[in-house]
Each structure stands twice: as C-alpha cells, then as structure tokens.
Amino acid sequence: MSHAYDIAALRALIGSIKWEDNPILVKQKSRDFYWYSPVLKRELEAVTADVVVSPTSESEVATVLAAAYRLGIPVTARGGGTGNYGQAMPLTGGILMSLAEMNKVRSVQRGRVVCEPGALLGDVDKAAEAFGQELRMFPSTRATASIAGFVAGGSGGVGSITWGGLRDFGNVLRLRVMTLEAEPRALELTGEDLHKAVHAYGTNGVITEVEMPLTARYDWIDVIVGFDSFDAATAYALALGEQDGILKKLVTVVAGPTPHECFLRHRAFIPPGDSVVILMIAPHAIDAFAAFTRHYKDAQILLDSSRASPGTLAGLPPNYELTWNHTTLRALRVDPRITYLQVRYRDDGGPGLIKRIHDRYGPEVRGHLELIRFNGRIAFAGLPLVRFTTEARLNEIMSEHEAMGAMIFNPHRYTLEEGGMKQTDAIQLAFKRETDPRGLLNPGKMIAWENPNFDFSAGKNFLFPGLEARARAAGG
C-alpha cells in the first residue's frame, strides 16, 4: 500500500531521530492482535505505515509532530502493539510513532508511579515492587503491553475485580499529552479532563508521561477451582466476588470443555469437560478463601500454587495468562476458527441471562466471564468464544445477544464509536479540534471527526461515557 506523502522531506526535518523504512519491518510494527477478529483480519490486512519513527524524548516527539503538521502526514502512536481491534494500526499510512524507547520509570512514591509512555507494565510493577507496591490493574498482556498503550487502548483487566476500570475516577492520575500543531504543546490532564484521552486510541494527542495509582503488593496465589457445570462455576464466582473480605486480583470463569482443550500446560490438572474459576488470591486471605470454598460441595481445587511443588509449577504460565484475551489466544491456537465477543450483562438477573445465552448456543458460543467492579458493584463482563462460520452469522449472534438483554461492545470494529467503548460528544470533538486541528492523529478511528453529521445522542451504551454524559450523571 503506497501513500502520497513526502517522506524524504520528513526525514530532512526530523534529522537524527531513529527511523525505519524497511517495508517488512514497518508492516510488522503496523500490526496488533486485530487478527483475533476474522472481520478485521480481512479489513485491515493491507494496513501499513510508510515509516516507523522512534523518539527517545518529549522534545523528539514534538519535532516529529511539528514536521508531520507542516507536511500533512498522519501520525499513529504505538506502544507495545497488544491491542485487539486495530487501535494503533495506521489506516491511512504515514508515520507510525513507536514510543517503545521512551520506557523509563521516573519515580515511585507512596500510592503513585510516574513513567514514560513506553514503559512495559511488568517493568513498572518491578520498579514499584522495591517500594512494596504494584499497579492496581493490568491487561493479560502485562509482559509486553506499555503503560500508555494500556491507558489509550485498554479498559481494565486483572485487578478490575477490586478496582474497577480505567473509566473510573482515580484509576489514572495524570497524563501529559502532546498536541499535533505547527508548534506542539504539552498539556497536563488531570481529574475529569483525563477522560478526554483515556481509551481514545491516541486520536487527540500523543501521551508522553503517565502517572498511575499504586496499591499494596502481594505475592498472589494462583488457584484454579473446577466444577461439573458452567452454571455452578458462575454462581460460585459471583459469590466469591461479593466476599469483600477475601482479597483477590482475578476472578474468571471459563466454560468446559475449553479449559482442558485449550490450556495445554494445565491440561494434567483439569478434567475433560470441567468448567473452571481462575483466581489470584492474596496470601493472607487464602485460609478464608479455603473456608469459603468448602461450602461448595461441587467445587474441586485443581491447582493452588501455594501448596504445589516447584516441579508441578515449572513451565506453567501465571493464571492471568489464561484469562481476559489470553483465553481467546489459547483457544485460537487450538482452533483457528475461534473468535470472540465483548459483552456486558445486566446487573439485574445477570446469572439467569448468562445461563439462557449459554444454553442457547451450545458449542458455537462458549462461556467466558470476567468478574469486575462496575459502578461500585460486582458485575460480569463476557468475552465468550465464538466458533466463526460467516460474518452474517456473527452479526446475527450479536443481535440475538442484544435482543436477550445483553450489551455488545463489538470487537470486530476499529472505530471508537462502533466498538461501543468510547462515546464521542461535542466536548470530545472540541478537544480533538484543539489538539489536532488538521485531523492527522490516528485518522479513521473517530467517526465524529470524519462525519460532521454524526448523531451524538443515539441511544447506545458505552463503557466510556462522554464528558457530557458524565456531567449529566453528576447532576451538572
């Protein structure tokens, strides 16, 4: 895919800033895990940048952005490239700005950490560990995901059972964001302004510094509990999630036979057909957890890392790498027909709705639930595995879910609005006009920018409500 940009002039303007234009390497860096979706695999397969630029400082970021503005070249910022629906894929080519070399952890204080955008989440946790702290939450791609990529493209993950998601006040403390103008500015976002840039795919600024909250660190114990049925596993997981005195970082339900078939290195522990609840429990809570679990006669503890021998644990991935979208990845490795959905179930009657949906589809749609704290209450988020046949059938399954009362956040779309995660409104659009007047930041991802007639008031659910919706909810 060729684009009519003056790349030679760009190179002259940015000088010695690290540069890569080998087409094979550029295409590799232009990718994420979009291929989880057979729809996006078809739509985005040819997408590539023209060049990868790797700044090492905020001043170099500003130099690249100023040159891009002058030449009219699009810029797509990239962290670890672990998104699942093309968040950091450059739809119109241009500059892929890799922030991987801006990876320093600048400071750790009680309750907070400040780092550069490309710092890997695992490295941030290592730095915080020396102070007895850890990040509140991280995606299952913790080993390879960057802090700014998580903020700009993620929503929550391991830890959301206790702390909620990135949408919640307090789960991001501060962002420093560079504008794409003739003379780029550095904006400091705090408080409500953070919601302009969180989960915005870098469409309204390039993040150059992140401040995140920390919490007390624990040597989490990995536990897997087996059940004969998905219903029993779901009921147990909800009850455990509601036990506020048992400190946990992860509560996941995966319906059988997926665990035995797809968790290959755990296969020896998991009976065929079993549904499992995958957990991370704090050491001081393990006795209370065991006492709670004894009340469930059909529960069988299949793995407890605090009691297992080193030989048993050797070669096992951590529990969190069996959950969230690592569940999808492991299923895809076994059956390449597998894809997934993103679902929220109503707070009222959640388990009943989950059972009706699960019973309806059989092996075509296999249950996968992540328990999260949502608006202060324990709730179910679904990442069910779908055996893909046709795009028409996939759309039909999503429509049927909505007709039954579930909310779909479509992972087979690459725009902010269609995926249902981010609600753009007049405030968000005004901020985009301020920070990116030429529309060069990650173009094609924000419908409201591309389509001036976009209807902000369409009655749709969004995980990340717009600024106007937040104000209304607060009575402002």
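On a 1 Å grid over the protein atoms alone, a pocket is an open set of points with protein on both sides within 12 Å along at least five of seven lines, a cavity is a set of points where a 1.4 Å probe fits but cannot get out, and lining residues have an atom within 4 Å of a point. The structure is a predicted model, in which local features need pLDDT of at least 70 and side-chain atom pairs count only at pLDDT 80 or more, while totals for chains, interfaces and linings use all residues. Residues are numbered from 1 along each chain as its sequence is written, and side-chain values use heavy atoms, with hydrogens and water left out.

The second largest pocket is lined by Lys 18, Trp 19, Glu 20, Leu 25, Val 26, Gln 28, Lys 29, Val 52, Ser 54, Ser 98, Ala 100 and Glu 101. Its volume, the space filled by probe spheres set on grid points joined across faces, edges and corners, is about 160 Å³. Strand S1 (18–20), helix H2 (23–29) and strand S2 (51–54) each supply at least two residues of this lining; helices (H or I, at least four residues) and strands (E, at least two) are DSSP runs numbered from the N terminus. H2 provides the largest share, 4 residues. By class, the lining has 5 nonpolar, 3 polar and 4 charged residues, where Ala, Val, Leu, Ile, Met, Phe, Trp, Tyr, Cys and Pro count as nonpolar, Asp, Glu, Lys and Arg as charged, and the others, Gly among them, as polar.

The largest pocket holds about 380 Å³ of space. Of the 20 residues that line this pocket, Asp 125, Phe 138, Arg 142, Arg 217 and Tyr 320 lie nearest its centre. Helix H5 (121–129) and strand S7 (133–135) each supply at least two lining residues, and the largest share, 5 residues, comes from H5. The lining of the largest pocket comprises 8 nonpolar, 2 polar and 10 charged residues.

The whole structure contains 5 cavities of 30 Å³ or more. The second largest cavity has a volume of about 90 Å³, and its lining includes Phe 230, Tyr 345, Ile 357, His 358 and His 401. Helix H14 (350–361) gives the most to this lining, with 3 residues. By class, the lining of the second largest cavity has 7 nonpolar, 4 polar and 1 charged residues.

H14 also packs against helix H15 (residues 391–403), at an angle of about 150 degrees and with the axes 11 Å apart. Axes are lines fitted to C-alpha atoms, for helices over the stretch in contact, and angles run from 0 to 180 degrees between N-to-C directions. H14 and H15 are therefore roughly antiparallel to each other, a term for angles over 145 degrees; those under 35 count as roughly parallel, 65 to 115 as roughly perpendicular and the rest as oblique. Their contact (heavy atoms within 4.5 Å) is made by Ile 357, Arg 360 and Tyr 361 of H14 and Arg 393, Ile 397, Glu 400 and His 401 of H15.

Tyr 236, Ala 239 and Leu 240 of H9 meet Phe 289, Phe 292 and Thr 293 of H11. By class, this contact has 5 nonpolar, 1 polar and no charged residues.
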